[in-house]
Each structure stands twice: as structure tokens, then as C-alpha cells.
Amino acid sequence: MTPRRQRMVGTGLVMAGVALAAVLALRAFQENLMFFYSPTDVIAGSAAEGTRFRLGGLVIDGSLRRETGSMEVRFDVTDTENTMTVVYAGVLPDLFREGQGVIANGYLQADGSFRADEVLAKHDEEYMPPEVARMLEERGHPVGSGTAAIEK
Amino acid sequence: MTPEIGQLCLILALCVAAIQSVLPVAGAQFGNPAWIAVARPAAVTQLLFIALAFICLSWAFVENDFSVLYVATNSNSELPLMFRLAAVWGAHEGSLLLWVLILAIWTSAVALLSRTLPDVVVAQVLGVMGMINLGFLLFILFTSNPFERLFPVPLDGNDLNPLLQDPALIIHPPMLYTGYVGFSVAFAFAVAAMLSGRLDQQWARWARPWTTTAWLFLTVGIALGSWWAYYELGWGGWWFWDPVENASFMPWLAGTALIHSLAVTEKRGLFKSSTLLLAIGTFSLSLLGTFLVRSGVLVSVHAFASDPARGLFILIFLAVVVGGALSLYAWRARSLETSVGFSPVSRETFLLLNSILLVAATGLILFGTLAPLIAEAMNLGKISVGAPYFEFVFPIVMVPLLLVLGVGMHSVWRSTDASLLARRLRWPAAIAVLVGISLPWFAWGEAGLLTVIGSIIGLTTGAWVIGSVLLNPIARLRGKGPRLTRSMIGMHLAHLGIGMTVIGITVTSSFNIEIDQRIAPGETVTVGGYAFRFDGLEEIAGANYEAVRGTFTVSRGDREIAKMIPEKRVYRVQTSAMTEAGIDVGWTRDLFVALGEPLGDGSWSVRIQYKPMIRFIWLGALVMALGGLVAVSDRRYRSRYPVADKSPDQPTDLATA
């Protein structure tokens with residue numbers, strides 16, 4: 001092969017590789033993309049049944065319930081307008097608490113409840129997942145500032 | 001008084017930084033030796049003031065001075081002293097102070113350890129680093145002052161986040177920041193090269209040890225973070241593709257590419273543009289990481305309370321630094337490039353592929369990390385990109401990279417005989433395939449088809465890298481082959497570490513067993529051939545927490561292997577629960593038990609895991625870092641080279657490849 005041909009073949013191979021990688025990456029991206037919805041969005045029909053999405057909101061005080069001896073828990077998540085029940089069979093994170101913000105990954109079940117395979121409640125006690133905080137603000141319930149907790 | 005002294009020190013440091021970023025650079029440009037001479041003393045003075053400020057803040061923590069807002073928010077009189085000191089960098093303001101302290105240390109290190117460099121270069125490098133620190137000091141003073149007072153003074157503090165009350169926190173952020181910030185040296189060298197128009201092999205030799213040192217700290221920092229997440233976040237995951245983890249991983253990937261590109265620039269005087277771009281890119285990614293963490297724009301376990309003003313400031317700063325450096329590049333880079341030929345099968349080609357693939361991996365991660373931001377800005381809805389995206393695309397790039405690595409190590413500069421290469425590498429290749437196919441079978445038995453394919457690819461790749469690394473040392477033992485210099489030994493070690501980490505990741509992800517299970521005292525659960533018996537619970541009290549401690553006896557066959565004592569802690573001040581997992585550590589596997597919640601009838605939900613070879617992930621990272629350390633200690637970085645060397649493109653010592 002002449003050097004010129006060699007270069008052309010080389011460049012062609014690299015470009016083919018890049019194209020293939022880009023296609024695979026975009027597919028993986030699309031498949032693993034999850035939208036964030038509030039209970040109101042879900043009730044408005046944003047989330048198709050069976051597709052995975054993230055549900056966010058506040059856990060209603062006193063709504064956590066489990067049958068004695070069962071791994072499965074249920075709790076209600078609200079955006080102050082609408083409420084959904086989340087069903088989860090697993091170990092809840094340490095920072096999960098009633099009255100606080102939470103994000104659950106999972107899908108909508110036929111009975112209108114949300115089946116979560118992952119529940120996220122993170123970091124410090126004032127922590128509010130940014131999406132949940134923004135959602136609450138949009139509904140006119142701003143969350144307190146970061147330093148409020150010391151004055152209690 | 002102390003906090004005010006601290007604040008004053010920061011303001012003085014700001015003034016010094018301003019002088020340091022203007023005078024030496026101007027002096028270098030206009031040839032004024034007096035201005036150039038300002039650089040070194042300014043760097044050291046700046047370090048002095050910032051260190052004083054840092055000591056002042058630490059003192060406020062030691063003394064429990066809750067009139068300082070930052071102390072009141074992040075400490076408590078019950079908090080043990082060791083954690084009070086670590087709490088200095090436990091939240092936003094203090095961690096930024098640590099950032100500038102480390103940058104000042106790097107700057108002074110360059111000032112003091114650069115006797116072999118021409119003063120003009122030193123002035124430019126220190127000037128650029130001064131500009132960066134100027135930006136960060138402004139950021140601290142205007143948006144994130146750690147010395148802000150609180151009135152009325154609370155009786156006690158709000159305590160440090162319990163997640164952070166851990167020995168690893170004491171070293172993880174400093175290590176990580178040392179790495180992150182250390183890339184500013186490479187960045188400053190790149191800017192200096194563009195300003196002066198001097199980018200020769202000597203330049204690359206100056207920049208290399210600094211870059212490698214930053215890289216090795218970042219490697220250790222990332223590994224520590226992963227290890228900490230594994231045992232302290234409580235649930236046995238060691239990497240979550242969380243935005244903040246990605247933020248530290250992207251500079252690492254780009255920095256790895258930079259190290260290799262620098263090698264080509266030093267040995268062959270080639271790839272100058274890509275070296276410059278990688279130096280700019282690596283540090284920009286470090287800054288981007290800081291922006292992502294500090295602005296709170298992304299959902300992350302690390303996101304502190306968000307503050308739009310902070311995000312905006314860093315975004316502007318980022319635009320100025322990256323934009324400035326790239327404009328300079330556009331203006332000057334063409335005049336620096338030299339062209340020297342090399343054949344398609346040569347070390348140059350393999351190192352070029354290495355850079356391309358590492359940059360591709362960085363790009364894919366960057367895309368996945370920023371996609372939620374882009375979608376939100378374009379009003380496409382609130383999205384998140386799950387870990388499976390990263391787990392899928394990352395290996396697509398990494399597997400070819402590691403295959404290339406094995407070949408590239410044995411190629412030589414300019415032109416390599418392909419058939420010779422194939423002959424040398426046939427044994428490692430054969431052994432790698434054999435290991436990849438047989439090991440999963442023998443060691444871990446059955447698994448799903450996809451898992452088996454994944455583990456075969458991963459193990460073959462890892463074994464291939466290790467086999468290729470071992471060729472030279474084995475030849476050496478048999479009295480053949482070239483003597484290995486320190487920088488070659490370092491290279492071999494780092495690649496050995498990569499191979500170990502790849503094997504650890506492959507085996508852990510493929511054959512890890514994880515179950516969430518209800519268990520009552522006296523009952524036994526069997527996981528991966530290990531029987532876990534739940535013996536019971538007791539209540540204990542720690543320094544600033546109360547805890548329930550479970551006892552599990554683990555046995556295999558008739559033999560008792562370990563007692564494990566996972567805890568569920570409740571910290572008194574923040575009343576937050578913390579899971580302390582029980583972990584039985586081993587070379588070939590970890591056993592992991594974490595308490596969930598009581599289920600009401602005396603039984604508990606627990607998570608039990610069997611994690612084969614997980615230690616290799618972090619052990620490999622440590623070996624990589626050790627490799628970096630050995631490479632940096634190479635003699636040629638310490639020897640004094642003629643300062644006036646102006647013959648750029650004469651390959652000096654090809655023998656020490």
C-alpha cells in the first residue's frame with residue numbers, strides 16, 4: 001500500500017469506529033434516560049404505564065406503613081396538590097424521613113401506585129433534591145434557606 | 001479576634017495574588033528582571049497568608065467558636081477533635097479555603113523547586129497560577145466567606161454531617177484537591193509556552209513530573225472516595241456515576257491522556273498542539289468539576305445547598321480561564337507545531353490512539369453528565385441519565401484502549417516491525433484469552449449469558465494488560481532486554497495497576513451477589529456459599545451517637561469465618577440515622593452486612609453481599625499511583641539541563657523511552 005492509501009484506510013477505519021461508537025452511545029443514552037415527574041404530572045398523564053421515570057415530592061407525615069415482618073413498605077408522596085402511593089420492597093436509605101423530600105426511580109403500576117426499585121434521599125437533614133425544591137417553589141411553597149436549622 | 005485575622009489574611013493574600021498575576025507576566029513580556037524577580041517571593045508570601053487564614057479557621061473549630069457561622073453549621077462541642085479538624089473542609093466555604101491553600105502550596109512548590117528553570121518561564125508559570133488563585137480568593141471573599149460571624153451566638157453547633165464523620169474524609173478531599181489543583185501547574189506551563197512561544201522537549205521535561213504528581217494524587221483521591229462510598233454510604237456500591245464522581249474522573253482521564261502526550265512531546269518533539277489542548281482541557285475539567293459541585297445545579301450525593309450567585313461566579317470564571325487559554329491557543333499554537341514523520345506502526349501511533357480514546361471516553365462521560373443541564377436549558381423536561389448509560393459506553397472505549405496499551409508498550413519510536421511485535425506478544429495474548437475464558441468458569445460457576453460475555457471480555461483485557469506488562473521484567477530476569485529506568489519501571493507499575501483494577505471491576509460487577517432479606521435473631525441466610533447467622537442485637541453508645549449493633553456469625557461449611565458487627569447509628573445533634581456496614585475483608589472476596597430497619601416483629605431487613613475481588617479495584621489504583629511516584633523520581637527530572645538549550649527538535653535520549 002502506498003502511504004497515501006494507508007492514511008486513507010486508517011482514517012476510514014477511525015471514522016467508522018467513531019460512527020459506530022456514537023450510534024451505540026446514543027442508543028444507550030436514549031434507553032437510560034429518565035424523566036422526572038411530580039404526582040401532578042403523572043396524574044395529568046405525562047408518564048406512560050410501564051416506562052421508567054423518577055417520581056419526586058415530599059413524603060407525607062405518617063404515611064409510611066408496612067405489614068409487620070414484611071420487607072415491603074408503602075408511603076405517600078405529594079407535591080402539595082396531588083398525591084401518589086409508592087411501593088418499595090427493599091432497604092430504605094438512612095436519610096429517608098417522613099415530611100422530607102424524596103426521589104424514587106421506578107414505574108407506574110396498573111392500580112395507579114408507583115413501584116419503586118430505588119429510593120433516593122440524600123445527604124444532610126436540610127437536603128432537598130433540587131428538582132423537588134424547584135417543583136415546590138413553582139407551586140408556591142419555597143423551602144427554607146440553608147442556615148435555618150441552627151436557629152431552632 | 002481570630003476569625004477577623006483570618007479574614008484579613010485572605011484579603012492580604014488577594015492583594016499578593018493580584019501582584020503575582022500581573023508583575024511577573026508583564027516583566028517576562030517586556031524583559032524587566034525586577035518584575036520577574038517578584039514571582040517567587042510573591043508565591044511564598046501568598047502561601048503564608050493563606051496558611052494563616054486556614055490555621056485561624058481550624059482554631060475556631062478547635063475552640064468551638066460558634067460565633068463563626070461556618071463552625072456553628074458544621075461542628076459541635078461533642079464532636080471528637082479529629083473530626084472537628086476535618087470539619088474545616090467538611091462543607092462549601094472551608095473546602096474552598098482548602099482549594100486555595102493547596103493551590104498556594106503547588107505555586108510555592110513550583111517557586112522553590114524550579115531552580116533549573118529559566119526565570120522568565122518561572123515568572124510566567126507563577127503569574128498564571130496567581131491569576132487562578134486570584135479568581136478563587138475573590139470567589140471566597142465575595143460569595144463564600146468562611147469567617148462570617150453569627151449573631152446571636154448559638155449555645156452549640158449543628159454538628160458535622162454524620163456521613164462525613166469518618167477517617168477517610170480526613171484524607172479524601174485533600175488528596176482529590178491536590179490532584180485537581182495540581183493540574184493547574186500543567187495549565188500554567190501550557191499558557192507560559194504559548195506566551196513565550198517556547199515549546200520544546202526541554203519544556204515537556206519540566207512539565208512532566210508536575211503533571212504526573214498531580215495525576216497520582218488524583219488517582220489516590222478517587223480511589224479513596226470510592227472506598228469511602230463503599231463502606232460509609234452503607235450500601236456496598238463503589239462507583240455510582242454520580243455527577244461529582246464524574247467531575248473527578250473526567251480530569252483523571254484527560255490527565256492520563258496529557259501524561260502520555262507529554263511523553264511524546266518530550267521524546268520526539270511531536271503532538272505539541274494536543275499536549276497544549278490536553279493541558280488546558282484537563283484543568284478546565286477540574287474547574288468544571290468545581291462548578292458542578294459548588295453550584296448545586298446537578299442532583300448528587302455531594303451537592304451542598306445551592307446558591308445561584310456562586311454558580312454564576314464560577315461559570316464566568318470558567319469562561320474567562322478556558323476562553324482566554326483557548327484564544328491564546330488559537331493565536332499561537334500553529335507557530336509551535338513541528339512535523340516529524342513516523343510510520344503507522346510506531347509508538348507515536350499507539351500513543352495517538354491512546355489520546356483519542358481517552359478523550360472520547362471523557363467526552364461520553366461529559367455528555368452524560370451535562371445532558372440533564374442541557375435538556376433543562378432547552379426546555380426538554382427534567383431528565384437524568386442512569387448509571388447503565390455510563391456502564392455501557394465506557395467499556396466500549398476502554399476495551400480497545402487497553403488492547404492498544406498492551407501493544408503500544410512494546411512498540412518503539414518512529415517505526416516498529418509489526419511481525420516482531422506479534423511474535424513478542426503471542427504468549428500474553430494466548431494466556432489472556434485462556435484466563436478470560438476459564439477463570440469465570442472455575443471460580444464462580446454459572447451466571448447469565450451477558451454476564452459471562454462481559455466477564456470474559458473484561459478478564460481477557462485485564463490479563464492481557466498484566467501479561468504485556470510482565471514481558472519486560474521477565475526478559476530482564478532472564479538476563480535479556482534493556483535495563484529499566486525509573487520512568488520505565490513507573491510506567492510498568494501504572495499499567496499493572498490498570499490491569500488489576502480492570503480485573504477487580506470485572507469480577508466484582510459480574511459475580512457480586514446482593515440480597516435484601518428479612519431476618520430474625522437466630523435465623524441463617526446463605527449467600528454465595530457463606531452462611532450468615534443473625535445472633536442478635538445490643539444497644540451501644542458512642543461519643544456523639546447511640547447505636548444498635550447486630551452480631552452476625554459467618555461460616556462456610558463447618559468452619560466459622562468471621563463475626564460481623566454492623567451498626568445502625570443515630571447521631572444526637574442532627575438526629576440522623578447512619579448505617580455502618582459490617583465488612584469482612586479478603587483478597588478474593590469481601591463479605592458485607594448492613595442493617596436496614598426493624599420490621600416490627602423483632603426481625604430486621606438486612607442487605608447481605610458477597611463481593612469477589614473488590615479490593616483489586618483500589619489496590620490497582622494504589623499501584624498506579626505508586627507507578628507515578630516511581631516515574632517522578634527518575635533522575636533526569638532532577639539533573640540540571642543547560643538553560644539556554646534552544647535546539648528544540650533534536651531527540652536527545654531515545655534510549656530512555
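In which handedness of crossing does H9(B) pass H10(B)? The crossing of H9(B) past H10(B) is left-handed, a crossing being left-handed if the near helix is turned anticlockwise from the far one by less than a right angle, and right-handed if clockwise. The structure is a predicted model, in which local features need pLDDT of at least 70 and side-chain atom pairs count only at pLDDT 80 or more, while totals for chains, interfaces and linings use all residues. Residues are numbered from 1 along each chain as its sequence is written, and chains are lettered from A and ligands numbered from 1 in the order in which they are written.

Chain B contains 18 helices and 11 strands; helices (H or I, at least four residues) and strands (E, at least two) are DSSP runs, numbered from the N terminus. The radius of gyration of chain B is 26 Å, close to the 26 Å that the globule rule gives for 657 residues, so chain B is as compact as a globular protein of that length. This radius is taken over C-alpha atoms, and the globule rule is 2.2 Å times the number of residues to the power 0.38. The C-alpha trace of chain B spans about 80 × 75 × 50 Å along its principal axes. Of the 657 residues in chain B, 54% are buried. A residue is buried if 20 or more other C-beta atoms lie within 10 Å of its own, exposed if 12 or fewer, and partly exposed in between, with C-beta atoms placed from the backbone. Among contacts in chain B between residues at least 6 apart in sequence, 75% join residues at least 24 apart; two residues are in contact if their C-beta atoms, placed from the backbone, lie within 7 Å.

Two packed helices are described by the angle between their axes and the distance between the axes. The axes of helix H9 (residues 201-232) and helix H10 (residues 243-268) of chain B come within 9 Å and cross at roughly 155°. That angle makes H9(B) roughly antiparallel to H10(B). Axes are lines fitted to C-alpha atoms, for helices over the stretch in contact, and angles run from 0 to 180 degrees between N-to-C directions. Angles under 35 degrees count as roughly parallel, over 145 as roughly antiparallel, 65 to 115 as roughly perpendicular and the rest as oblique. The contact of H9(B) with H10(B) involves 12 nonpolar, 10 polar and 3 charged residues. In this division Ala, Val, Leu, Ile, Met, Phe, Trp, Tyr, Cys and Pro count as nonpolar, Asp, Glu, Lys and Arg as charged, and the others, Gly among them, as polar.

Helix H3 (residues 39-62) of chain B packs against helix H6 (residues 92-112) of chain B, with axes that come within 9 Å and cross at roughly 150°. H3(B) is therefore roughly antiparallel to H6(B), and the crossing is left-handed. Residues of H3(B) in this contact include B:Val44, B:Leu47, B:Ile50 and B:Phe54, and those of H6(B) include B:Leu97, B:Val100 and B:Leu101. By class, the contact of H3(B) with H6(B) has 15 nonpolar, 4 polar and 1 charged residues. The axes of H3(B) and helix H7 (residues 119-143) of chain B also come within 9 Å, but cross at roughly 30°. H3(B) passes H7(B) in a left-handed crossing. Among the residues that meet there are B:Ala39 and B:Arg40 in H3(B) and B:Val122 and B:Gly127 in H7(B). This contact has 6 nonpolar, 4 polar and 1 charged residues.

Most residues other than glycine have a negative phi, and most peptide bonds are trans. The peptide bond from B:Phe151 to B:Pro152 is cis, with omega near 0°; B:Pro152 lies in the loop between H7 and helix H8 (167-196) of chain B. B:Trp241 has a positive phi, near 55°, and lies in the loop between H9 and H10 of chain B. With 18 other C-beta atoms within 10 Å, B:Trp241 is partly exposed.

Chain A has 3 helices and 7 strands, in the sequence order α-β-α-β-β-β-β-β-β-α. Buried residues account for 29% of its 152 residues. A:Val42, in helix H2 (residues 39-43) of chain A, is partly exposed, with 18 C-beta neighbours inside 10 Å. Leaving aside residues up to four places away in sequence, A:Val42 touches A:Tyr37, A:Ala47, A:Leu55, A:Met84 and A:Leu108.
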